[in-house]
Amino acid sequence: MGSEKGGLSAAAGVAGAGSLPGGFPGRFRRSQLMKGFGIVTTASSAEHPTRRDFLFVATGAAAAVGGVVSLWPFVSQMNPDASTIAAGAPIEVDLTPIAEGQDIKVFWRGKPIYISHRTKKQIDEARSVLVSSLPDPQTDQSRVKEGHDQWLVVIGICTHLGCIPIAHEGNYDGFFCPCHGSQYDSSGRIRQGPAPANLPVPPYQFVSDTKIQIG
Amino acid sequence: MSGPSDYQPTNPLIRWIERRLPIFGLVHSSFVAYPTPRNLNYWWTFGAILSLMLGLQILTGVILAMHYTPNADLAFRSVESIVRDVNYGWLLRNMHAAGASMFFLAVYIHMFRGLYYGSYKEPREVLWILGVIIYLLMMATGFMGYVLPWGQMSFWGATVITNLFSAIPYVGDSIVTLLWGGYSVGNPTLNRFFSLHYLLPFLIAGVVVLHVWALHVAGQNNPAGVEAKTEKDTVPFTPYATIKDMFGVSCFLIFYAWFIFYMPNYLGDADNYIPANPGVTPAHIVPEWYYLPFYAILRSIPNKLAGVTAMFSAIIVLAFLPWLDTAKTRSSKYRPLAKQFFWIFVVVCVLLGYLGAQPPEGIYVIAGRILTVCYFAYFLILLPLLSRIETPRPLPNSIADDVLAKSKGQSVPMVSTVIALALAGGLFVGSAQNARADEQETPPPQNWSFAGPFGKYDRGSLQRGLKIYKEVCSNCHALSYIAFRNLADPGGPGYSVAQTAAFASEYKIKDGPNDAGDMFDRPGRPADYFPSPFPNDQAARAANGGGLPPDLSLITKARSYERGFPRFIFDFFTQFQEQGPNYVSAILQGYEKKPAAATLPEGTFYNKYFPGHAIKMPQPLQDGQVTFDDGSPATLKQYAHDISTFLMWAAEPQMEARKRLGFVVFVFLILFTGLMYFTKKRVWADAH
């Protein structure tokens, strides 16, 4: 790859040295380009600066395009591979073992997901707050599934810098991040501290009253 | 690096930096204004080609290391997951594996060029010795890299090569233990080889800097072998040498791409697709082709210490070349005798390479000894003698004179050397494959839809093959590198995601532990791999009369047979690489009644195509055993064809992507090389 780039600059350098005022390729018609190609192959052709320019620019452009395109596999390989993507498929979680007031942590795509079975008190607290006063205004209703108000499902990663908040801690009956002191309420919304946004809700749905599918 | 530069940058920023760190001036004087002899031929472009190859090997190697796991239990599988799952992983792996061969091919041409034109003579001795050091480092790097995939050849290559050091008197065994980090080649060995394989290329790069520095101090040698005297003898490096090197590089890339996209396993050994097994040595241990001449020297000497000494001496003697050949005339062009002996020496090296791949017996050993003597005689007797008795032809007065003389004609030697080298290379490569010489009947060739540059898998055949695997083969054979999701991959059997999920859910997969700490069975998911029929190898052996049914994921790449000379040379051009499926298909159809003369061990069956004919697997497929929904005939012939196609896909699921991208790359490279050719001609038109 390196050498192709070197070639580009070399070819461009040559082209620059012999370039005419007026430039390229605006002055060319298609037929002239074709003719230029033909004449280049015959050694006896007289020197003609513009044809020479065309050849150099074409070669340089081909080297540049080839060099840039061939970088793609070297970048693309960094993305998740097929097995990682396949392992990130949706998971099902049985909710029956979770008693009211308790929560569990499951992993999906390597991220901890908090599933909280909220008490009536927690739900009321989350709904009584004035939404417009929140740093990241969102209603509690929009963060849970209708008819399943007691279940809060959030990705347990602090939106500040990625630490894992502790459940049932802090001043808001929700989550407290020990790293930099962010506090989330019982709906997983940011209430205090440096985190800019609420704990995100992962894509999920209820497949039955006691079972959810995350992903 | 050639004296103070008159480089005067106009850009104020560059001028500012240049006053504090004259790096632009260095680049300018080394790679732009640097005077290069105007009569250099294309053999001189291999320096640039080698730089490119070193860069590419480091780049692809660093990337492979991001996905590779240097652990004896995981290494083989991690290489397979690179090839199967990582985006463009197959491309990067092929580039790196074929790149090693291309690197060595280029370095051999570069070395023979130096030998022919006397590039090691005063004042270029240090330049030459640095080159020998680079070559030694390359050999070490290449060897350790070959160990990393942890296949059978990796493991046994590592065992044999490290055991070379046990020949050292008194401390040999201690040194070998030190190298292994254990009592045998094992996980510690693999770990340290990985670390060193990552380190050494950067050492090579460092020595290459010294090599180029020494080159720019002494100036380049040239085909005439007379030093440049006036400005008429030279042209500036840029654009003249740059463009010429670029053209050489793009031609080389076409050759390289042929291996990457169409013949990725041509230079490899099928045995290396079998995971390392410390209990079984492959029938023929053969190093990679680039070590074969030295391997032949090692084997031709019946004494262990003497053999190892001879092998290392064969490389070290190169470092003394400047003092062995004391002839004043550099270029063999003007040395009628040296020129002939040079070509004889090339042939000796190629033949040694050929012998290195042959079994060490009979005529091969005798020939190996004769050629070993010839090899050393060339350096130790012939070159010193020639420099005393040979009368060289008159040299041209200057490089400019040489160029004038050349334009009057005579380019025949160039053509003949190209042909000679091409043949030699072919022989070399093929000799590696010749190793498995046997009087065995070879499997009959078949028509495969996936053969050739535009080959594709036949979807129907893949689906039927899957059915045969599921109903018959899977009772004994694992397919553990294939996940159910692969059935929906592009270039595969062509099932939909939903069909794949349904197929997977029919399987019971062991999972766990659950909250109670117990393992449990659950229906399969697309991300799961095909479950193995036996929990471990011991259970598999116990259920199969002591024989271990191999995992079939890679079977079509792990089995091969000899093609013979000169067929393997044509194979390179016709892209024949279907030995594996031919073999699998032949085995399934090769069950016959035992000939009266043959004796079979108990519990084995006679198979025409199985090496040694005694196979433990009873005939697995009979006419009518599996019925197809699509109305294909329920015959053994059809079964053999379909299962072989399916197993070829299992071994090489990215083949269609590889060939498709290969076509695009070839179109581009050919167009680009054409452009480079005319550009080079245009640039050089001024110089003549």
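In chain A, strand S5 (residues 166-169) and strand S6 (residues 174-176) run antiparallel and are joined by 3 bridges. Colleagues, this is a predicted model, in which local features need pLDDT of at least 70 and side-chain atom pairs count only at pLDDT 80 or more, while totals for chains, interfaces and linings use all residues. Residues are numbered from 1 along each chain as its sequence is written, and chains are lettered from A and ligands numbered from 1 in the order in which they are written.

Two terms first. Strands (E, at least two residues) and helices (H or I, at least four) are DSSP runs, numbered from the N terminus. Two strands pair if DSSP finds at least two bridges between them.

In general, strands of a sheet pair through backbone hydrogen bonds, either parallel or antiparallel.

Chain A also holds a pairing of strand S2 (residues 103-108) with strand S3 (residues 111-117), antiparallel over 6 bridges. Trp108(A) stands opposite Lys111(A) of S3(A). This hairpin has 2 residues between the strands, and Arg109(A) takes a positive phi near 55°.

I turn to chain B.

Next, the helix pairs. Axes are lines fitted to C-alpha atoms, for helices over the stretch in contact, and angles run from 0 to 180 degrees between N-to-C directions. Helix H6 (residues 125-147) and helix H9 (residues 187-218) of chain B pack at an angle of about 160°, with their axes 8 Å apart. H6(B) is therefore roughly antiparallel to H9(B), a term used for angles over 145 degrees. H6(B) passes H9(B) in a left-handed crossing, that is, the near helix is turned anticlockwise from the far one by less than a right angle. The residues of this contact comprise 23 nonpolar, 5 polar and no charged; Ala, Val, Leu, Ile, Met, Phe, Trp, Tyr, Cys and Pro count as nonpolar, Asp, Glu, Lys and Arg as charged, and the others, Gly among them, as polar.

H10(B) and H25(B) also pack at about 160°, with axes 9 Å apart. H10(B) is thus roughly antiparallel to H25(B). The contact of H10(B) with H25(B) has 21 nonpolar, 4 polar and 4 charged residues.

Finally, the contact of the two chains takes 27 residues from chain A and 33 residues from chain B, where residues are in contact if their C-beta atoms, placed from the backbone, lie within 7 Å. Which helix gives the largest share of the side of chain B that touches chain A? H25(B) does, with 9 residues. By class, that side of chain B has 22 nonpolar, 7 polar and 4 charged residues.

Technical notes. Angles under 35 degrees count as roughly parallel, over 145 as roughly antiparallel, 65 to 115 as roughly perpendicular and the rest as oblique.
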